[in-house]
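I opened my notebook to look up a few features of one structure. Here is what I checked, entry by entry.

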Amino acid sequence: MSSEKVPVELSKGVNGLEKIILRETHGSSAEVYLYGGHVTSWKNEHGEELLFVSSKALFKPPKAIRGGIPICFPQFSNHGPLESHGFARNKFWSIDTDPPAFPTNSSSKAHIDLILRPSEEDMKIWPHRNTNTDGKPFTFTFAYHTYFSVSDISEVRVEGLETLDYLDNLQNRERFTEQGDAITFETELDKIYLSTPTKIAILDHEKKRTFVLRKDGLPDAVVWNPWDKKAKTLADFGDDEYKHMLCVEAAAIEKPITLKPGEEWRGRQELSAVPSSYCSGQLDPQKVLQGS
């Protein structure tokens with residue numbers, strides 16, 4: 001057996017669930033569970049975990065995995081007839097051996113293409129296919145519900161959403177305009193920012209690290225931290241874990257996507273972690289995690 005680590009490896013994860021491990025030659029890695037098409041780990045070249053997964057996360061279908069990057073589709077939250085955040089995050093995805101070409105600016109060899117194929121049961125709940133052969137348009141909302149790992153939430157700020165309108169999920173989605181400079185955290189926050197830029201920065205002061213989220217096809221951005229009281233109500237979330245996580249989610253919520261027969265939609269996010277001294281536009285493509 002060669003000791004060289006392969007860029008793409010199929011492995012058994014928690015509770016025997018299948019996962020794919022992606023490795024770059026310089027030491028960074030990511031892990032993706034077929035359950036939910038769910039990224040659960042993203043480590044930099046120093047082996048530091050950049051995504052938050054709760055210590056109490058249940059890797060037991062049909063429960064969604066708490067943390068990482070859950071995919072919310074075809075419904076965000078409970079705004080619609082389906083289960084909260086839709087079904088994509090608690091179905092088994094499969095590896096797509098013949099994926100459509102997807103342009104990327106990364107020279108990475110470590111990548112995987114996953115596809116969610118509907119079962120007959122799924123078609124009863126949501127009778128729409130992406131090929132949409134029944135001649136009727138259909139509508140959906142979407143989010144990459146990314147949980148970032150941070151050292152101390154009170155030392156974190158989010159830049160790029162200043163002065164924007166948002167819907168406050170803690171006040172019946174009432175619409176407000178963001179005041180002040182960067183967003184900082186001292187209490188529970190659950191907001192859907194509208195018409196957001198393609199680039200949002202999450203600055204972790206203590207770690208001297210900045211996450212940069214770039215996105216296409218996803219005009220909204222959800223910012224969420226449950227804080228202490230809400231954290232205690234979540235069975236699969238530690239009481240104090242809110243201090244070490246922040247969700248910033250590339251999303252299409254306010255204006256649902258409608259596809260006519262034969263149309264397609266692409267949503268893309270690209271995450272990178274850079275030292276906080278970083279200058280805009282100087283991202284190292286080797287440190288990028290892409291999802292589409």
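**Terms first.** I call a residue buried under 20% relative accessible area, exposed over 50%, and partly exposed in between. The model I am reading is predicted.

**Entry: salt bridges.** I looked up the total and found 14 salt bridges in the structure. I then went through some of them.

I began with Glu159 and Arg157. Their side chains meet in a salt bridge, 2.9 Å from N to O. How accessible is Glu159? Its relative accessible area is 29%, so Glu159 is partly exposed. I looked up Arg157 too, and at 35% this residue is also partly exposed.

Next I turned to Arg268 and Glu270. Their side chains form a salt bridge, again with an N to O distance of 2.9 Å.

Then I checked Lys124 and Glu121. Their salt bridge spans 3.7 Å from N to O. Where do these two residues sit? Both are in helix H1, which covers residues 120–125. They are 3 residues apart there, so about one helical turn separates them. Lys124 is exposed, with a relative accessible area of 62%. Glu121 has 48%, so I wrote it down as partly exposed.

**Entry: the second largest pocket.** How much space lies in this pocket? I read off about 550 Å³. The pocket is lined by 24 residues, and Ser77, Ser84, His85, His145 and Lys230 are the closest to its centre. I sorted the lining by class.

**Entry: Val14.** Which residues does Val14 contact, beyond its neighbours within four places in sequence? I found Tyr33 and Phe59. I also looked up Leu58, which is 44 residues from Val14 along the chain. The C-alpha atoms of Val14 and Leu58 are 9.0 Å apart.

Methods. Residues are numbered from 1 along each chain as its sequence is written. This is a predicted model: local features need pLDDT of at least 70, side-chain atom pairs count only at pLDDT 80 or more; totals for chains, interfaces and linings use all residues. Side-chain values use heavy atoms; hydrogens and water are left out. On a 1 Å grid over the protein atoms alone, a cavity is a set of points where a 1.4 Å probe fits but cannot get out, and a pocket is an open set with protein on both sides within 12 Å along at least five of seven lines; lining residues have an atom within 4 Å of a point. Grid points are joined across faces, edges and corners, and a volume is the space filled by probe spheres set on the points. A salt bridge is a side-chain nitrogen of Lys or Arg within 4 Å of a carboxyl oxygen of Asp or Glu. Helices (H or I, at least four residues) and strands (E, at least two) are DSSP runs, numbered from the N terminus. Buried means under 20% relative accessible area, exposed over 50%, partly exposed in between (1.4 Å probe, protein chains only). Contact means heavy atoms within 4.5 Å.
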